[in-house]
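The entries follow the order in which I got curious.

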Amino acid sequence: MTTHENEAVPARLRELPSRLLAQASTHAQRLVTEGLGKADAHKWHYAALVALEDSGPVSQAALSARTGIHTSDLVGVLNELAGRELVERTPDPADRRRNVITLTPLGRRRLRKLEHVLDATQEEFLSPLSAQDREQLVRLLGRLVEHHATSGPTMGPDSQ
């Protein structure tokens, strides 16, 4: 929105925190989606790879809980990642009906590349802010998210 277009919006709308957050979120989502898309990835690839690196091998159910990706969506994500040899599925020795998902060395290298992509998108998104402002923004957003958190998954088709 240009400055002239922004002036046409009533101040009561321009100053609504929820509206500003929604607009900022839309812009951030676009940057992340475009950046990851150029790297032939999407946000769920990144989330799954990060969770696996942080937690080590886990069941699909545990990975769903750690990422907030609904189990039915996670199957497709894991199919894509396994097809690219970024993760491995192996039967759980304790319960052969379950699969254990493991990050492969190729998956770790891919995660490093995606981290560079996301670093660049975060830098572009936050470029108007100083380092101190960025830290404060992250703290404040974290407080809002924590306060309004629910027990259900946080990453649906339209969430990050």
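**Entry 1: the histidine**

Where is the place of His 42? I found His 42 in the loop between H3 and H4. A reminder to myself before going on: this is a predicted model.

I then listed what His 42 touches, leaving out residues up to four places away in sequence, and got Leu 36, Val 77 and Glu 80. With Glu 80 there is also a polar contact, side chain to side chain, at 3.4 Å. I checked Arg 139 too, which is 97 residues from His 42 along the chain; their C-alpha atoms are separated by 25 Å.

**Entry 2: stepping back to the whole chain**

I counted eight helices and three strands. Read from the N terminus, the order is α-α-α-α-β-α-α-β-β-α-α. The C-alpha atoms fill a box of roughly 60 × 30 × 25 Å along the principal axes.

The chain has 160 residues, and 29% of them count as buried. For contacts between residues at least 6 apart in sequence, 57% join residues at least 24 apart.

**Entry 3: salt bridges**

How many salt bridges does a search of the whole structure find? I got eight.

I started with Arg 84, which pairs with Asp 40; their closest N and O atoms are 3.4 Å apart. Arg 84 is in the loop between H6 and strand S2 (87–92), while Asp 40 is in the loop between helix H3 (17–38) and H4, so this pair ties together parts that are 44 residues apart in sequence. Arg 84 itself is partly exposed, at a relative accessible area of 30%.

Then I looked at Glu 123 and Arg 134, which form a salt bridge with 2.9 Å between the closest N and O atoms. This one links helix H7 (residues 105–126), where Glu 123 sits, to helix H8, where Arg 134 sits, and the two residues are 11 apart. I have Glu 123 as partly exposed, with a relative accessible area of 41%.

Asp 95 and Arg 97 also meet in a salt bridge through their side chains, at 3.0 Å from N to O. Arg 97 counts as exposed, with 76% relative accessibility.

I also wrote down a network of salt bridges that links Glu 53, Arg 108, Arg 112 and Glu 115.

Which residues of helix H5 (residues 60–67) are buried? I noted Leu 63, Ser 64 and Thr 67. Looking down the axis of H5, I saw these buried residues fall within an arc of 105°, so they line one face of the helix. On the face turned away from that buried side I found the exposed residues Ala 61 and Ala 65.

I wanted to know what covers the buried residues of H5, and the cover includes helix H4 (43–55), S1, helix H6 (71–83) and strand S3 (95–103). Just after H5, Gly 68 takes a positive phi of about 80°.

Ser 59 was my next stop, in strand S1 (residues 58–59). Why do I call Ser 59 buried? Its relative accessible area is 13%, and the label applies because buried means under 20%. A polar atom of the Ser 59 side chain lies 3.0 Å from the backbone nitrogen of Ala 62. Setting aside residues up to four places away in sequence, Ser 59 touches Arg 98, Asn 99 and Val 100.

**Entry 4: a nonpolar patch**

Last, I looked for nonpolar surface. What makes the nonpolar surface patch of about 230 Å²? I traced it to Leu 21, Leu 141 and Leu 144. I placed Leu 144 in helix H8 (residues 131–148). At 42% relative accessibility, Leu 144 counts as partly exposed.

Definitions and conventions
Residues numbered from 1 in each chain as written. Predicted model: local features only at pLDDT ≥ 70, side-chain atom pairs only at ≥ 80, totals over all residues. Heavy atoms only, no water. Helix = DSSP H or I, 4+ residues; strand = E, 2+ residues; numbered from the N terminus. Buried < 20%, exposed > 50% of the residue type's maximum accessible area, 1.4 Å probe, protein only. Polar contact = N/O pair within 3.5 Å; in protein donor to acceptor, adjacent residues only side chain to side chain. Contact = heavy atoms within 4.5 Å. Patch = residues over 30% accessible without salt bridge, like charges linked within 9 Å, V, L, I, M, F, W, Y side chains within 5 Å. Areas by Shrake-Rupley, 256 points an atom, 1.4 Å probe, with all protein chains shown as cover. Salt bridge = Lys/Arg side-chain N within 4 Å of Asp/Glu carboxyl O. Arc of directions from axis to C-beta.
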